[in-house]
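Biologist: I have a new model open and would like to go through it with you. Can we take it piece by piece?

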Amino acid sequence: MHKLSLTLRLQLSLIIVIGAAFLKLNSWYWLGAYAIIAVCWAVSSRVPVRKLTGLLGLELIFLSFLALPLGWERASFLLVRSLICLLTMNSFLLTLPPHSFGIALKGLPLPGAFKETLLLAGQYLEILLGEVTQMQRSAKLRGLNGASGWVRYANAAMIGALYLRSLDRAERVYAAMIARGYNGMLPVDSTPRIKERFALLAMGILACSLTVASYQFF
């Protein structure tokens with residue numbers, strides 16, 4: 001799975017998620033087929049199990065509060081379907097190399113300006129998370145260990161310092177982009193190869209067949 005391009009992996013993940021999202025309600029057999037596909041996708045991606053299970057647990061706790069008021073039968077189907085979608089996308093996101101989300105976005109059929117916005121947003125989000133990690137490490141070195149210590153440290157002064165440090169790093173990144181020839185347009189065009197087109201076509205046909213079958217047999 002790691003031999004596939006990032007763009008192809010993202011496109012395949014989206015096909016699985018969209019196909020599962022459009023399944024007819026309570027079509028459990030076809031949902032089980034998507035579950036098998038999602039599990040195979042996660043295993044082939046070699047995603048870290050501990051990170052994946054922890055992330056899925058937090059996401060499902062949040063989704064359960066939204067789904068349970070709809071009734072047990074409907075909520076159970078929606079939660080399982082959400083679990084399949086989250087398993088697929090998290091398997092992709094947790095195996096991304098650093099600073100590579102923008103590369104994965106290249107092949108999506110989106111407007112160029114929107115792609116550029118996502119690319120820059122992803123870059124600056126990584127900068128912000130990097131600064132947060134550094135400040136957390138500094139807090140631990142100063143003896144602020146544990147949740148209560150971090151809460152005491154996370155005050156208005158820390159938030160202001162985080163904003164200033166992130167803004168300063170973002171300006172340096174932008175200056176480096178200008179020095180390397182950035183002129184307001186990013187190279188976001190990507191032409192898939194023949195094998196990649198075949199893989200997308202095969203997955204698209206499979207997902208479309210499962211989703212359409214859920215409406216014809218139930």
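Modeller: Fine. Arg46 is exposed, because its relative accessible area is 68%, and the cut-off for exposed is over 50%. Keep in mind that this is a predicted model.

Biologist: Where does Arg46 lie?

Modeller: Arg46 lies in the loop between H2 and H3. Its phi is positive, about 55°, although Arg46 is not a glycine.

Biologist: Now the helices. At what angle do H1 and H2 pack?

Modeller: H1 and H2 pack at about 155°, and their axes are 11 Å apart. H1 is therefore roughly antiparallel to H2, since angles over 145 degrees count that way. The crossing of H1 and H2 is left-handed.

Biologist: Which residues make that contact?

Modeller: From H1 there are Arg9, Leu12, Ser13, Ile16, Gly19 and Ala20, and from H2 there are Tyr34, Ile37 and Trp41. The residues of the contact of H1 with H2 divide into six nonpolar, two polar and one charged.

Biologist: And H2 with H9, how do their axes cross?

Modeller: The axes of H2 and H9 cross at roughly 155° and come within 9 Å. That angle makes H2 roughly antiparallel to H9. The crossing of H2 and H9 is left-handed.

Biologist: Who is in the contact there?

Modeller: H2 gives Trp30, Ala33, Tyr34 and Ile37, while H9 gives Leu206, Ala207, Leu210, Thr211, Ala213 and Ser214. By class, the contact of H2 with H9 has eight nonpolar, two polar and no charged residues.

Biologist: Change of topic: which residues touch the most other members of the largest nonpolar core?

Modeller: That core has 32 residues, and Leu10, Leu12, Ile16, Tyr34, Leu87 and Phe92 touch the most other members. Helices H1, H2, H3, H4 and H9 each give two or more residues to this core.

Biologist: Take Leu10. What is Leu10 in contact with, leaving aside neighbours within four places in sequence?

Modeller: Leu10 is in contact with Met89, Phe92, Ala104, Leu105 and Leu108.

Conventions
Residues numbered from 1 in each chain as written. Predicted model: local features only at pLDDT ≥ 70, side-chain atom pairs only at ≥ 80, totals over all residues. Heavy atoms only, no water. Core = buried A, V, L, I, M, F, W, Y, C linked by side-chain atoms within 4.5 Å. Buried < 20%, exposed > 50% of the residue type's maximum accessible area, 1.4 Å probe, protein only. Helix = DSSP H or I, 4+ residues; strand = E, 2+ residues; numbered from the N terminus. Contact = heavy atoms within 4.5 Å. Axes fitted to C-alpha atoms, helices over the stretch in contact; angles between N-to-C directions. Parallel < 35°, antiparallel > 145°, perpendicular 65-115°, else oblique. Left-handed = near helix turned anticlockwise from the far one by under 90°. Nonpolar A, V, L, I, M, F, W, Y, C, P; charged D, E, K, R; others polar.
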